[in-house]
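Dear colleague,

I am handing over the structure placed below, together with a short account of what was found in it. Please read the account with the structure open beside it.

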Amino acid sequence: MNIKYLYNRFYQMKEAYIGPTNPFRTCALWFGWLANAVLYGASISDYFGYGFYKLKHIGKQEFITYRRFHKILKKANNQTDIDICRSKIHFNNYFADLLGREWIDTQNASLKDVQNFTKRHNYFFIKEILSFRGIGVRRIESKGLDVAAFLTECNVDPQAHYILEEPLHEIESIQEFHPWSINTIRIVTLFDTTTDTVHFMNARLRMGNKKNNVDNFHFEGIGANIDVESGIINGVGYDTHNQTYLIHPLTGKQIIGFQMPYWDKCKQFIEKAARRMPTVRYVGWDLVVKPDGAMCLIEANDNADHDFQQLHNKGLWQEYKAILKHF
């Protein structure tokens, strides 16, 4: 375990959630976290994000902590099958009819294939097939691009493997939050194959911020909880620095109270996807709604963050436990 990382993470989270403290209070918080790590499996993010430093035992029983999260993964997901989620090529092939976008595998495409692709799209995105959290995603302009040199550059490193994807255009009401990125909907499902029920555990709108071209929460993005039944955002927006927002800080569009378009259709679409992976039963699905109401599946995350579901919402551990007992 990296002590330096823990030290920096502890102070980062303490400043975000509590602010400056005297040495005695800081020491008490540090030992408080250590105790909660042993008793409840709480990470530093759990300890501060859920307010464990002020909650009693009964309150701490409500939250999915780091240790409880791994219990969910162990019980719900067959580790031999999660590569469908983790490799973008396997994912794109497996869910080809749900993608709603054109893509190319650079290692298995001819120069002519890529040239034609760039002619069809003014710009496109390049992604490493095993990347996550939006790391390394780049926007490439087609105009003036030396396609031959670009394809050579993509394939020169045998350890790297890239795909190219056409840009998506989403429904205006969601795009208005942050027009510089695609703003995706994250829906987390738990598929109880014993009762043949896909449970919708949580939903969030993920919005970009600071004109970044990705909406990922770990790249300055903003999340907001969506009521699963109604599709209405029922809480404030928030970021990794514990800043909260009633309106988007760049565009001024109101976050709380927003009605997600085509919500019933969104859930039907995700249930269809979830039923395709009966051995990977815990998944965080990312989707985009197009202007005409068509759905595009972006990613399936077999280890979707537990804290993202619970921050500025409620603890979900008891709800998960009730379903997992059937597994």
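With a relative accessible area of 4%, Asp-302 is buried. Please bear in mind that the model is a predicted one.

The side chain of Asp-302 forms a salt bridge with that of Arg-86, at 2.8 Å from N to O. This pair joins distant parts of the chain, 216 residues apart: Arg-86 belongs to helix α6 (residues 83-86), while Asp-302 lies in the loop between β11 (295-301) and α13 (306-310). Are the two partners buried or exposed? Asp-302 is buried, as its 4% falls under the limit of 20%. Arg-86, by contrast, has a relative accessible area of 39% and is therefore partly exposed, since that class lies between the 20% and 50% limits.

Further salt bridges

In the whole structure, 15 salt bridges were found. In general terms, side chains of opposite charge can pair when their charged atoms come close.

One of these bridges joins Arg-276 and Asp-97, whose closest N and O atoms are 2.6 Å apart. Here too, distant parts of the chain are linked: Arg-276 sits in the loop between α12 (263-274) and β10 (282-289), and Asp-97 in helix α8 (residues 96-99), 179 residues apart. Arg-276 has a relative accessibility of 23% and so counts as partly exposed.

Another salt bridge connects the side chains of Glu-165 and Arg-101, at 3.1 Å from N to O. Glu-165 is in strand β4 and Arg-101 in the loop between α8 and β1, so that this pair, 64 residues apart, also links distant parts of the chain. Both of these residues are buried. Through salt bridges that share partners, Arg-101, Lys-127 and Glu-165 form one network.

Four bridges hold the antiparallel pairing of β2 with β3, and the bridge partner of Phe-124 is Ile-140 in β3.

Which residues of α10 (residues 147-155) are buried? They are Val-147, Phe-150, Leu-151 and Cys-154. Seen down the axis of α10, the buried residues fall within an arc of 95°, so they line one face of the helix. An α-helix has 3.6 residues a turn, so residues three or four places apart point the same way. Thr-152 and Glu-153 are exposed, on the face of α10 turned away from its buried side. The cover over the buried residues of α10 includes α9 (111-120), β2 (123-128), β3 (138-141) and β4 (162-165).

A buried leucine

Finally, Leu-29 is found in helix α2 (residues 23-40). Leu-29 has a relative accessibility of 1% and so counts as buried. Leaving aside residues up to four places away in sequence, Leu-29 touches Phe-10, Lys-14, Ile-18, Thr-21, Tyr-47 and Tyr-53. Between Leu-29 and Phe-10, which are 19 residues apart along the chain, the C-alpha atoms are separated by 9.3 Å.

With kind regards

How values were computed: Residues numbered from 1 in each chain as written. Predicted model: local features only at pLDDT ≥ 70, side-chain atom pairs only at ≥ 80, totals over all residues. Heavy atoms only, no water. Buried < 20%, exposed > 50% of the residue type's maximum accessible area, 1.4 Å probe, protein only. Helix = DSSP H or I, 4+ residues; strand = E, 2+ residues; numbered from the N terminus. Arc of directions from axis to C-beta. Contact = heavy atoms within 4.5 Å. Pairing = 2+ DSSP bridges. Salt bridge = Lys/Arg side-chain N within 4 Å of Asp/Glu carboxyl O.
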